[in-house]
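The following questions and answers examine how the chains of this assembly are built and how they meet. Please consult the sequence and the structure while reading.

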Amino acid sequence: MTALAHPIGILLFGIGGGFLIPLLYKIGYGWLHTGFFAALGGLTLTSIFSLIAVVQGGGEAIEILTAGAAPPISINLRFGLAEGAFSVSVNVMATLLAVAHWDHLKKNYVALLLFLILVMGINGMIMTRDLFNLFVFLEIVSIGTYGLLGLVTSRDGIQAAFKYVMATVIASTLFLLGAVLIYYVTGHLNIDFVIEAQASLIGPISGIALVMMLACLLIELKPFPANGWGLDVYETVPPALAAFLSVCASAGMLFAVYKLLPLFTDYLSLIIASTALTFLASNLIGLRQDKIQRLLGYSSVGQMALGVLALAVLTQIGAQQVIPLVVFGLFLNHLLAKAGLFCLVAAIGASDLREALGLTRRPFVAGGLALFVVAICALPPFPGFWAKWELIMQLASAERFLLIAILLAGSLMETTYLFRWFIRAVTPNPERQLPEPKLNILLPVLTMAVLLIVTGVGMAMASGADGLLIFLPLGVGAGLLVVGPLLSSRLQGIAMLVAVVGASQMLPEAYGIAGLFSHLLLAGGLIIASAGLAEKTMPPLHYPLMAVLLLSIQSVLRTQLGLTFYVAWEFITVASFFLIAQGRNALPETLRFMVFSMFAAFLIMGGYAIIAGQTGSRALIALTIATPEAMVGYALLAAGFLVKAAAIGVHIWLPPAYGEAPDNVTAILSGVVSKVGIFGLLMTAYAAAQSELNVDFTYLLACIGMATTVIGALLALCQRDLKRLLAYSSMSQLGYIVTAIALMSHLGWVTALYIVANHMMVKGILFLAAGAIILRTGTRQLDEISGLVRRMPLTFAVVAVALLSMSGLPPLMGFGGKWLLLSALMDKGWTVLVAGGILATFLGLWYMTRLLVGLFFGPAITQSREAPAMILIPQVLLVGGILVFSLFPKLLMGPVSDAIDPQFAATLVWEGQSLETIYGIWDPTPVMLTSIAAAAGLMALWWGLSKVMGKSVRARAALVLARPLPQAATPRLAQAAWGAFVHGIEVLADGTRRIYTGNGQFYVLLVLAYFLVLYFMSTFLPAS
Amino acid sequence: MSELIGSLFIFSGSVFLFSAGLGLLRMPDAFTRIQTGTKATTMGATLVMIGLAIYHPDWIFKLLLIIYFVYVSNPISSHALARSGHRLGTPMAPGPDALAEIDTRSDAAGDKL
Amino acid sequence: MITFPVSTVMMVTGFGLILIGLAAILLHRNILRMIIGFSLMDSGIAIVLVSLGYVTGGTAPIMDADLAVAGAAQRVVDPIPSALTVTAIVIGLSVTAVMLAYAIRLYRSHGTLDIEAFRHSRA
Amino acid sequence: MMQRVLSVIVIGLLAVVFTRIVGAYVQLDALRPLAASYVTLSPESLTTPNVITGILITYRGLDTLGEVAVLFMVAASLGLLLKPLEGQPKPPKAFQRSDPGEIVHSGKQVMFPMILTFGAYVIVNGHLSAGGGFQGGAIVAAGVMLLLIATPETRLNTTLLSIVESTAGILFVLLGILGIVLAGGFLDPRFLPAGELGGFISAGAIPLISALLGIKVGAELSVVIDKFRT
């Protein structure tokens, strides 16, 4: 074991094994295959044991001298923590990929020896401390790659391989020249001695030499635009080989950059510029790529560029202490997830992104795909997330805002194309035959997935997350997923409810506004989610995801840390995505939801990072101590939450998502999840009010909110589809809340919270009722449903109460909310908005009447019966809630009023149950009683009239009311604007990718030009 | 004195070598190029060796060996090149083809094989 | 007066060869000619390498009757670039061999050696 | 056309870069300390008069090992690369072997033994004078090439050659490991008697390694040449 722990063994196993392979081949296949895996395993184990030895030795590097002489006389190798981490990652991954790639590798013994020596070469690149030796190992890697590319026999593959050879030969020639020129200048080839002699690295020769070496390493990492040759190879080789090149071979190059970085301190800006361009451009082009492997190639190129970018920029801003977390995190994430994706491509034999695969028939593969896609998009809990989070935070404190923007824009594009692929892959297609996945591919994939999760949790601990509690939602979800198959669907539902209640007790208690939200949303969420019990069989993922969703919401509301807030926020996004995706026709609509959600998340992350960077604290409370310079941060936060609240202009994700999600999921989304965005907005406003900011965008915010309300109501009037109507109604109601928050006054915020509670219950009821109606009638077109009042009287009753409350008519909760809002607006003197509010109320009344009358009155043209009890019970509970809060508004208003910081002059005075403002007194009891009487009178009148006038007239009246507004009433400006934007992006991407002409000679030209551009740009850089 | 003579030899050798390079550029087809590449370089190399021998009389044995090598390898290699070039039907500059007759015979023989 | 040390002449030759090689790579469409270009480039690099190690008046770093160990350090050229050159040449040769093999492979599968014909995968 | 113009510009700019190098280059007047220490260390510590061989085989032995690996990979991968593709027709007739003729044949009779002898000489004298395993190996392979041209019907025993090259490689690695066990570290050749400077049997394991390299390189290059015949 101690002998194994000497890292020289890595080289010996590799090269000795390589030399042995031909002999073993002569003996027999059994020997050959055993020998190959013995050597590869020995190499991997040696690196693992060596790393353990290093760790046990307190992190001190093992120095390996050769030839019995000390450096600089002889070449030495070093195996420290960094080397060990990379070496182990590469070797483990190489072993996994060798298994996954076995079908190809075993065809020819030559491939086995090439693979072994290639892996050894990568380790050599990682360990060596000599420039020229680095070149030799670089060549070993290159030539091994050339040989392995010989396994490809397709015409395209041979072409691509030749281009690859040409480009990399030019690159390594540059390195050779550079290394020897460095020797000429310094008299040393040993990296440590060259770094020591850095002071003598002045003058044109050293400048050229350094840029030559830098250009070589960057070119090997495939920078835009000099990377067509690499992409062609990714596209045409077997997926597992592509994975090997993308992750293992690139790892050696990445580490070489890391190793030589002290030499490149003058060129950090160049590195940053080039890698940022690469990251942005490759993800941009990825948007227009339909070939899966090439797409993954673009993603790989982008990820490696991101790694180098992080390395360079963290060095430049002097944040070297986080380099291990960020760079190694990004690298690990890319290593495991990208290799996993390539292996899955091999398992399903897909090549065209647009092809629907019906992957849900292979749940394991689909699950793996989901996991890896989520990981590459740098979503928690995977290593990439923690790395990217820390990177953004560091960039923000160094005020590198442009880089943050580039990073987030690139990530958003990457999310877009990867999720698009995922969505296409799980789209049902019974005609597509799916191959039975092979065990030798699935096992490595499983290992990668497990490693990804394990390392993700490890990185979370390293990056300052507040304990494992951050993973509580996922843990509960995973637990439910595991026990799920043992239980019936309804038992699963009950288990979920119990688990959520239990687990939420483990989270820290929240106080103030957050506490109110927390209780409200937990109760509401549980009630609405319990409607799922009505269904005998739920999709297997439903309850686990629901648990993740509900618990993540609690996590968001109860945490004090920005990191935890954001992590839970992302959990909500991902869980919502998968929940929506289970709707029957939801898949095509989910992409928009995901992209807008991620867009919102990135705005929030950027805004938070700016404020955190400015205040130097990462607790959420730091938001309240920011100074006016952090204004942009607040604006970004507000913008992010507005996107989630579906404000006008960025609302276009909401209707399709709400419309196509499974019915009870829509109820949760509209009733509960949308409130989390509102909570964020409220907290932002609250923090901004407390900090010394001159908040001058409140009127704008209020206008946005009111516009959302009015236009949402108008759009609702245009709908023929029941759920879409309710979706637009949600949007409209959220607009009220935004307006209320924008008031930035005590009264406004009390109002906001009041409407939040009202809307949660109302929309919960309405979407559940809609679900029940759709279930019973089998249609969701308003034209096709009428006269349900007799078939579904209970549903009618609860819907009537909900609509009444939402409409803002007395006596129910909604009236209180609207009354307060209009009062507060008047208070501010925003009369235009008051007018808007009245208009919106009118429009709201119109569509709600239409809904009620259209659905429940008129001739019964569809057969149906009363909704299942399990859907009705939650609705009744919610109605109870509405009634209680209507009769005793103080139950809610009191705590709300107290929770909001008393820094605002209190304009609300309570006397018994009645509420006094400067405008007057709202005493609910008499109002309620009169209203109920009036309503009962109207009902009786309607009933009587219908008895008298007969069915035909009633039907006509119902039809008139139920007719939707023509589409022309609301031109689809937002749709058109976003469409034009996307089109513009696509045109840009298409233009950019025209650089990939496929001509190998042109690629060589680009490689040379890349060096020249780097060099001539470097001559303009100030020397340190 | 011996240095001057030696230098003269080397110089004239390099003139031959230069003419060989010129011939490669100027000659019309592959065969004539092979021809200049052989004859002129052989001569050039010989002269250079002689010049060196005058400079360093003690190297004579080694230089003789080298000249021998050149004399054997140069003609053989150019012969082999020209022969296979002819067989592959490498285009020839316009003019009489002395091998045309032999060629048909060897082709026939080749077919038999 | 401008002097041209022998190593400068060599270096210019070497860089000249590299440029000629690159010109062949970039301007010829026939991949065999491009490979010749790569080969020329390798030769140029080897010459540049050796010239960088030249020391004024130096001789080969091999001890024999004419070069005693004592004081040899003052009379020899730098041995390191020469050693590196050996390695570089071998690697260059290896790369040329691989490229030629690919050329044969391309010819077999496409029946042409024109680089323009090998543009199947793009964008 | 655009591409050609760009190519010319790129070459021109590279010429500018190279000119800058040449312009800044100053011929060295004395060895730098590291190089000077090799010049003294090689004869004294390794008893190897040929400093370059000393560096190649010992101090930069890791490079040499890598280089051997590169050649080994190339020789092996040519088999993979030159294997006829599935469904491809046989190469056209013009490429089939033909008799090289009387002249070449006789030339081979004279030259082949001489070349091999010379190759062997260069290999085993690597530690004493200009030469060494790589150079000698290449000469041997040149002889083999002549043989193959002169008598195309010759079939090289590639199985034997591949066993030879593998064995030589493994022995090289084993000698390196012996260096760890018996001397100062990996690839340290000083576990065999040093002998006298300039003696044929001297310089520790260097001649042995050199010979192994020669055999290996000769075998590998022969295989490479043979592969290209197919």
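Q: In this predicted model, are α3(C) and α4(D) roughly parallel or roughly perpendicular to each other?
A: The axes of α3(C) and α4(D) come within 10 Å of each other and cross at roughly 10 degrees. Angles under 35 degrees count as roughly parallel. The two helices, α3(C) and α4(D), are therefore roughly parallel.

Q: Which residues of α4(D) does α3(C) meet, and how many residues of the contact are nonpolar?
A: From α3(C), the contact includes C:Val90, C:Ile91, C:Ser94, C:Val98 and C:Arg105. By class, the contact of α3(C) with α4(D) holds 3 charged residues, 3 polar residues and, as the number asked for, 13 nonpolar residues.

Q: Which element gives the largest share of the side of chain C that touches chain A?
A: The contact takes 33 residues from chain A and 31 residues from chain C. On chain C, the elements giving two or more residues to this side are α1 (6-27), α2 (31-52) and α3 (79-110). The largest share, 15 residues, comes from α3(C).

Q: Why is chain C described as more spread out than a compact globule, and what is its radius of gyration?
A: Chain C comes to 3 helices and 0 strands, and its C-alpha trace spans about 65 × 35 × 25 Å along the principal axes. For 123 residues the globule rule gives 14 Å, and the value for chain C is well over this, so the chain is more spread out than a compact globule; its radius of gyration is 20 Å.

Q: What percentage of the residues of chain C count as buried?
A: A residue is buried if 20 or more other C-beta atoms lie within 10 Å of its own. Applied to the 123 residues of chain C, this gives a buried share of 51%.

Q: Which chains share the most contacts?
A: There are 4 pairs of chains in contact. Chain A and chain B do not touch, their nearest C-alpha atoms being 26 Å apart; chain B and chain C do not touch either, with nearest C-alpha atoms 14 Å apart. Of the pairs in contact, the most contacts are shared by chains A and D.

Q: Which element gives the most to the side of chain D that touches chain A?
A: In this contact, 53 residues of chain D meet 50 residues of chain A. Two or more residues each come from α1 (2-24), α2 (33-45), α3 (51-59), α4 (61-82) and α7 (158-182) of chain D. This side of chain D divides into 31 nonpolar, 14 polar and 8 charged residues. The element that gives the most, with 16 residues, is α4(D).

Q: What is the radius of gyration of chain D, and why is the chain more spread out than a compact globule?
A: Chain D has 8 helices and 0 strands, and its C-alpha atoms fill a box of roughly 60 × 50 × 35 Å along the principal axes. The globule rule gives 17 Å for 230 residues; chain D is well over that and so is more spread out than a compact globule, with a radius of gyration of 22 Å.

Q: How many residues of α9(A) are buried?
A: Helix α9 (residues 204-220) of chain A has 17 residues and reaches 24 Å from its first C-alpha to its last, close to the 24 Å expected. The helix is followed by A:Lys222, whose phi is positive, near 65 degrees. α9(A) is largely enclosed by the rest of the structure, because its buried residues number 16 of the 17.

Q: Is A:Ala716 buried or exposed?
A: A:Ala716 lies in helix α28 (residues 698-717) of chain A. Beyond its neighbours within four places in sequence, A:Ala716 is in contact with A:Leu725, A:Tyr728, A:Ser729, A:Ser732 and A:Tyr847. Because it has 28 C-beta neighbours inside 10 Å, A:Ala716 counts as buried.

Terms used. Residues are numbered from 1 along each chain as its sequence is written. Chains are lettered from A and ligands numbered from 1 in the order in which they are written. This is a predicted model: local features need pLDDT of at least 70, side-chain atom pairs count only at pLDDT 80 or more; totals for chains, interfaces and linings use all residues. Two residues are in contact if their C-beta atoms, placed from the backbone, lie within 7 Å. Helices (H or I, at least four residues) and strands (E, at least two) are DSSP runs, numbered from the N terminus. The radius of gyration is taken over C-alpha atoms; the globule rule is 2.2 Å times the number of residues to the power 0.38. A residue is buried if 20 or more other C-beta atoms lie within 10 Å of its own, exposed if 12 or fewer, and partly exposed in between; C-beta atoms are placed from the backbone. Ala, Val, Leu, Ile, Met, Phe, Trp, Tyr, Cys and Pro count as nonpolar, Asp, Glu, Lys and Arg as charged, and the others, Gly among them, as polar. Axes are lines fitted to C-alpha atoms, for helices over the stretch in contact, and angles run from 0 to 180 degrees between N-to-C directions. Angles under 35 degrees count as roughly parallel, over 145 as roughly antiparallel, 65 to 115 as roughly perpendicular and the rest as oblique. The expected span of a helix is 1.5 Å times one less than its number of residues.
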